[in-house]
Amino acid sequence: MVDATFAAPDLTTFARLDELGLVVVGQRLEPDRAVLACRVVEPDGWCRRCGCEGVPRDTVVRRLAHVPLGWRPTVLLVTVRRYRCAGCAHVWRQDTTRAAEPRSKLSRRAVRWALEALVLQHLTVARVAEALAVSWNTANAAVLAEVRRVLVDDPTRLAGVRVVGVDAHAVRHEALLFRMEVRDLHRFAVAAAG
Ligand SMILES: [Zn+2]
């Protein structure tokens, strides 16, 4: 007998994409990664310059690394609509800032996952990058940007902290493994985490 508390299976909520303003419209499971085709839920059809209604012109695909399931990377291919204003000819794209920072290659969830993996689980940047199927530099830059954002948004988090260091240093030179540390250098305690 089916438990009444179960809801119908739903990939969008399972992957927590509803929080990002996205809905899953397709999946492709490859041996080494899962690809989810998504679209943006909010239409965003009104011109930001003159307020007229825009006409859908075409779409572009934004690729984002998302939280891996197990160690299998999850890739989002987000179809983003482009509009052209009927009044002033301004062209814009659907707003995807709920899903990711502008120009970011990682979803907001993926960035938070990476930060927690590094700070709380002590994974290396290399391992995090592998799980997200992005380059070391991409993972590193996204986490550093998130740390800066968290610290700016919530300065009280670091009340009493005098020096903050964000450092990726070699912990096993022969294997060239890197570990990122976000620490209160004064107390040697982790000061920023997800
Ligand atoms: Zn306009």
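## About the model

The structure is a predicted model, in which local features need pLDDT of at least 70 and side-chain atom pairs count only at pLDDT 80 or more, while totals for chains, interfaces and linings use all residues. Residues are numbered from 1 along each chain as its sequence is written.

## The largest nonpolar core

Let's start inside. A nonpolar core here is a set of buried Ala, Val, Leu, Ile, Met, Phe, Trp, Tyr and Cys residues joined through C-beta atoms within 7 Å. A residue is buried if 20 or more other C-beta atoms lie within 10 Å of its own, exposed if 12 or fewer, and partly exposed in between, with C-beta atoms placed from the backbone.

The largest such core has 34 residues, and Leu106, Ala114, Val128, Leu132 and Ala139 touch the most other members. Among the elements giving two or more residues are strand S3 (54-69) and helix H2 (108-119); H2 contributes the most, eight residues. Helices (H or I, at least four residues) and strands (E, at least two) are DSSP runs, numbered from the N terminus.

## Around Cys52

Cys52 sits in the loop between S2 and S3. It counts as partly exposed because it has 15 C-beta neighbours inside 10 Å. Beyond four places in sequence, its contacts (C-beta atoms, placed from the backbone, within 7 Å) are Cys47, Cys85, Ala86, Gly87 and Cys88. Cys88 is 36 residues away in sequence, with 8.1 Å between the two C-alpha atoms.

Ala89, not a glycine, has a positive phi of about 70°. Ala89 is exposed, with 11 other C-beta atoms within 10 Å.

His122 has a positive phi near 60°, and lies in the loop between H2 and H3.

Conventions
Contact = placed C-beta atoms within 7 Å.
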